[in-house]
Amino acid sequence: MYENLLPRFLRYVKTETRSNPESNTTPSTESQIAFANVLKQELEELGLADVHYNATNGYVSATLPSNIEKQVPSIGFIAHMDTADFNAENVQPQVIENYDGISEIQLDEEGNYTLNPNDFPNLKNYQGQTLITTDGSTLLGADDKAGVAEIMSAMEILVNNSDISHGDIKVAFGPDEEIGIGADQFDVEDFNVDFAYTMDGGPLGELEYETFNAAQAEVTIKGKNVHPGTAKDTMINALQVAIDFQNQLPQDEVPEKTEGIQGFFHLMNLNGNPEEAQMSYIIRDHDHQKFENRKAKISDVQKTLNEQFDQQRVFVNMYDQYYNMKEIIEKDMSIVELAKNAMLDLAIDPIIEPVRGGTDGSKISYMGIPTPNIFAGAENMHGRFEYVSLQTMEKAAALIVKIAELNAE
């Protein structure tokens with residue numbers, strides 16, 4: 001039934017669509033526009049209605065009209081087209097059939113990079129399955145082209161099997177999720193569904209409706225640079241002030257020392273010289289009050305450091321990125337229950353837990369369309385060790401169909 005899923009996915013991942021955080025355009029790269037037009041043509045060929053590309057926000061979307069007479073809620077399925085900040089040019093996927101669950105998988109010809117179950121224990125979950133890996137030189141792009149392929153394949157099944165009842169279904173493929181701005185201009189009025197799901201999760205069974213609250217802080221430090229031989233009581237070394245800034249934050253509240261619902265401060269970038277330095281932080285917490293406290297801590301450190309100088313030398317530009325969608329979705333958990341029941345009908349064990357990250361659904365939920373996140377299958381995302389199981393992708397596509405079917409009952 002899903003014979004087109006693998007060739008479709010392989011075709012998608014060979015298309016370079018890496019987003020660019022330095023760009024001022026939407027989408028941030030021309031390659032995403034080109035890919036959107038490819039998807040637009042494919043949606044038209046499948047026979048979906050109202051297929052269109054929105055040049056303002058970079059989304060290509062389409063509608064599969066209801067095939068039943070009664071009114072049921074309309075559903076959206078969303079995935080993102082871009083890939084993360086790792087080499088994405090000339091992706092050469094490898095297909096490993098009937099993986100034994102214990103062997104090391106050599107990625108490159110030289111053997112420099114391997115998928116070893118000792119390093120990646122989740123490989124043991126895929127005994128007897130078909131894995132798609134990289135060749136060690138690029139990421140794979142299953143995040144989120146697996147989601148794109150699954151949605152497209154599910155629409156193909158529904159189009160070709162009119163005996164499967166469903167209400168109105170809309171699909172959307174968007175840009176720039178990996179740089180955190182893809183959903184900023186999402187057109188809720190145009191999409192016009194009662195609820196949606198992003199197909200952007202990890203392993204089989206993931207069902208997520210709780211994400212981080214997220215902010216970013218850009219710190220600029222203006223120093224005073226003089227000759228080090230005569231620097232006493234005069235020099236203000238911007239790099240040293242940057243170190244002091246970092247040291248005044250809780251040292252155990254960093255990604256490498258936290259898990260579960262524990263939040264963190266993450267220093268993403270530090271560069272400069274004694275005259276001027278720049279730092280970039282991301283701030284994360286599931287709890288809204290703790291999130292606000294973290295932002296206040298950044299401001300307090302700024303104030304404390306500036307009090308040591310004759311003028312303001314530490315500048316902070318801090319802004320919110322997205323919020324925990326649990327606060328929206330928990331008002332009506334029926335959409336989570338729908339996805340959970342669909343999984344159970346397909347003998348998939350639901351894994352419902354907070355995600356240590358965010359999805360486009362985080363923003364879209366606050367725009368008016370509650371949008372939990374569902375597994376798409378990718379493991380080891382954003383790097384050369386990324387892989388995905390074909391069987392997991394097939395189950396994700398089947399889950400989309402089952403959700404539509406249960407919603408129509």
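Some ground rules before the details. Residues are numbered from 1 along each chain as its sequence is written, and side-chain values use heavy atoms, with hydrogens and water left out. Because the model is predicted, local features need pLDDT of at least 70 and side-chain atom pairs count only at pLDDT 80 or more, while totals for chains, interfaces and linings use all residues.

Aromatic rings, then. Rings of Phe, Tyr and Trp (its six-membered ring) pair if their centres lie within 6.5 Å; planes under 30 degrees apart count as stacked, over 60 as edge-to-face and the rest as tilted. By that rule there are 11 aromatic pairs. One of them joins Tyr-113 and Phe-385: the centres are 6.3 Å apart and the planes stand at 70°, so this pair is edge-to-face. Tyr-113 is in the loop between β5 (105-106) and β6 (114-115), and Phe-385 is in the loop between β16 (373-375) and β17 (387-389), so the pair ties together parts 272 residues apart in sequence. Helices (H or I, at least four residues) and strands (E, at least two) are DSSP runs, numbered from the N terminus.

On burial, the cut-offs are under 20% relative accessible area for buried, over 50% for exposed, and partly exposed in between (1.4 Å probe, protein chains only). Tyr-113 is partly exposed at 29%, and Phe-385 is partly exposed at 26%.

Phe-212 and Phe-264 make an edge-to-face pair, 5.4 Å centre to centre with 85° between the planes. Phe-212 is buried at 1%, and Phe-264 is buried at 8%. Phe-264 is also touched by Arg-294, where contact means heavy atoms within 4.5 Å. Arg-294 lies in helix α6 (residues 288-306) and is buried, at 10%.

Next, helix packing. At what angle do α1 and α10 cross? The axes of α1 (residues 5-13) and α10 (residues 390-407) come within 11 Å and cross at roughly 105°. Axes here are lines fitted to C-alpha atoms, for helices over the stretch in contact, and angles run from 0 to 180 degrees between N-to-C directions. Angles under 35 degrees count as roughly parallel, over 145 as roughly antiparallel, 65 to 115 as roughly perpendicular and the rest as oblique; α1 and α10 are therefore roughly perpendicular. Leu-5, Leu-6 and Phe-9 of α1 meet Leu-390, Met-393 and Glu-394 of α10.

Also in α10 is Thr-392, which is buried at 3%. Leaving out residues up to four places away in sequence, Thr-392 touches Tyr-126, Gln-129, Leu-204, Phe-375 and Gly-377.

Last, the backbone. Thr-26 and Pro-27 are joined by a cis peptide bond, omega about -10°. The bond from Asp-143 to Asp-144 is cis too, with omega near 10°, and Asp-144 lies in helix α3 (residues 142-160). Asn-98, not a glycine, has a positive phi of about 50° and is exposed at 58%. Ala-347, also not a glycine, has a positive phi of about 60° and is exposed at 68%.
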